[in-house]
Amino acid sequence: MSMRFVDEYRERADMVHLSAEIERLSRGRRVKLMEVCGGHTHAIYKHGIQDLLPENVELVHGPGCPVCVIPMGRIDDAMAIARTPGVIFATYGDMMRVPSSHGSLLDAKADGADVRFIYSPLDALTLARNNPTKDVVFFAVGFETTAPSTAATLLRARDEGLDNFSIFCNHVTIIPAIKAILDSPGMQLDGFIGPGHVSTIIGLSPFEFIARDFGLPIVITGFEPADILQSVVMILRQLTDGPVRVENQYARVVRPDGNRRALEILSETMMLRAFFEWRGLGFISQSALALRPEFARFDAELRFAVPNLRVTDPKACQCGEVLKGVIKPWQCKVFGAACTPETPIGSCMVSPEGACAAYYNYGRYSLMRQGDAMAAPVSIASRGPAVLT
Amino acid sequence: MSSRIESSLPVQLGRMERARVVRDGEPRLRDTHITLSHGSGGKSSHALIESLILPAFRNPLLDGVADAAVFHAGQGNGRIAMTTDSYVVSPLFFPGGDIGKLAVHGTINDLAVAGARPLALSVGLILEEGLDMEILRRVIASMAEAASSAGVPVVTGDTKVVHRGKADQLFVNTTGVGIVEDSVRLGVDTIQPGDAVLVSGYIGDHGMAVMLAREALELEANIESDSAPLHTLVAALLAAAPNTRTIKDPTRGGVATTLNEIASRARVAIAIEEESVPVRQAVRGACEILGLDPLHIANEGKLVAIVPRAESEAALAALRAHPLGRDAAVVGNVQVDPAGMVLLRTGVGGSRVLDMLVGDPLPRIC
């Protein structure tokens, strides 16, 4: 028995067909595509999709892992709030293991801080209702995908008149990050595998500048193996036959206009920050969301004393270069040696959507096969440039 | 840029391999406090056990780190197997089982996968002040029923009560002893390249049933724990495939963690075909939604067996002929390279490393 919406996008025969089509369309040219979204990075490794691509088609991992782009200083702030007496600090499980400059939230919890992991911001609201003598703080992270549920929670907290609930808002927006990557010197991308989940909220038009100003294709893509391969086919067709534009491979979910209701509650509750620090990308203007002044009493940054300091990443950590697609995860000196999923130094090694964690958990074997191929002198000459995805 | 990459890949692989050998050889415990990951059954648990606990008690029986210790007692035939396990599952009751049934089955299974015929159990209870007597009554009745239908009596026990808040309702410890016939020779050191890897049925049922029983998820699916005593299934397997190399029950950390432990101890590679691993639709669906891998989800009524290729058909037939092994499957085989690793051939035809569980999707699953 097959599972609808899952198995129909995982048929091996379809994969073989798509894979052959990619080989045919790319005609041996080197093509470098960035998957913006961490969900894609995870899917690519989970399914071993790199094995289905010809060596000349390379996938580069982008900045779309929400856990990975939170700068260390914000984790320090989160730790400070979590350690405040009387606080219940509610967070998504992924954030528990991200290192701050002094341990992680998991360590803070073992130390006595009341840190709970939750699946939805509404769970945090329930915690607030059930613990009226405690201050419940929700650690809000994520792109436009998760921001609307934070917004809806905020509206409900206001309507219920809860006064022991607040939000530590770290929501970021994807477009400025893509623009920062396109503007960075040495950018060598040929196209984008566009973020499927974010697009369900913001729609297609915010991506138009990529084709218009930078002449690059972007295809909004679903998360099953066939989606990703089909998207590569669509990008290659644009590169071959033109015109370069925004295309929607994920039309079964993404509507061209996005989700208007979600955007409305977002703008009702949140506003753009003048600037925000992204791990590895530095400060990007108008790239993150803060609560509007009307919601100040729900704003944890105003309710609690947070250090609000910029903390430089550990020297050995090259998450920044990884997030910009400048280096492959394994090219970081500490990758797989000092920095592993059990002992992460950088955030990219924590989240299952992080390029380093995905690479370490799933990709090591293909790395080893490449290493073997390179160790044999004959094959170096015949191989040409290595494909390292 | 590509020439720089090509020259440094072997260097980086060497660095990773050295780090891996160091980690595998002598797991380092860097943490200053116990965190929940130390109880996950994954890598942190291993580091804790191997670097803090085992060294203190070092002896040849313990060093095998098997599910049960197996040793000679006196001059008679057969060896004694002994094991212990504590149960802290939350919630206490979940579809398909409860903490009491789990505590009986879990310990029977640790004996069973050591090749032992379970003889007797002890039960230790830690009760929180204020626990509803009706809850205790239900748990005890369930333990009694599980023990009697498995044919393994509870022969001794202990009860302690702690102040409110010092335990969460009720914790259970069970210890079990059994007899291993002299003919049974299980051990990862007997594993050979070419051996077949079998699982006895649908995986991930227990862990997913407990996860979904926690209301926080608000995900409804019809999944029941597979909690079951495996000793008769093991006996059937050993009768059909007497040269079975090793048997494990893939509890915390799931089949993936169990296979990694086997690959690491036997210094072999294990290759798994994702498509041949039996997973129920509902479990797969819940895993898709939660972003989990069924291979990392706990089981309480399944076994993983490594069997010589020549006996794999007989082993599979024997498992399938038993009510607890109807959906058994051969899921992969043992290879030489890369030693210590588990590889997965994915459904779409790619391949990847299948690692142990890191972190914990949800603690207190058993």
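Predicted model: local features only at pLDDT ≥ 70, side-chain atom pairs only at ≥ 80, totals over all residues.
Residues are numbered from 1 along each chain as its sequence is written, and chains are lettered from A, with ligands numbered from 1, in the order in which they are written.

Chain A has three domains: domain 1 (7-63 + 189-198 + 205-244), domain 2 (68-174 + 258-303) and domain 3 (319-383). The bounds come from an automatic or database domain assignment. Between domain 1 and domain 2 of chain A, the C-alpha centres are 32 Å apart. Their contact involves six residues of domain 1 of chain A and eight residues of domain 2 of chain A; two residues are in contact if their C-beta atoms, placed from the backbone, lie within 7 Å. On the domain 1 side of this contact in chain A there are four nonpolar, two polar and no charged residues. Here Ala, Val, Leu, Ile, Met, Phe, Trp, Tyr, Cys and Pro count as nonpolar, Asp, Glu, Lys and Arg as charged, and the others, Gly among them, as polar.

Helix H8 of chain A covers residues 174-183, and its buried residues are A:Ile174, A:Ala177, A:Ile178 and A:Ile181. Buried means that 20 or more other C-beta atoms lie within 10 Å of the residue's own; exposed means 12 or fewer, partly exposed is in between, and C-beta atoms are placed from the backbone. Helices (H or I, at least four residues) and strands (E, at least two) are DSSP runs, numbered from the N terminus.

Chain B is divided into domain 1 (1-65), domain 2 (66-180) and domain 3 (188-353). The C-alpha centres of domain 1 and domain 3 of chain B are 24 Å apart. Four residues from domain 1 of chain B and six residues from domain 3 of chain B make the contact. The domain 1 side in chain B has no nonpolar, three polar and one charged residue.

Most residues other than glycine have a negative phi, and most peptide bonds are trans. A cis peptide bond joins B:Ser90 and B:Pro91, with omega about 0°; B:Pro91 is in the loop between strand S2 (79-87) and strand S3 (93-94) of chain B. B:Gln169 has a positive phi, near 65°, and counts as partly exposed because it has 18 C-beta neighbours inside 10 Å.
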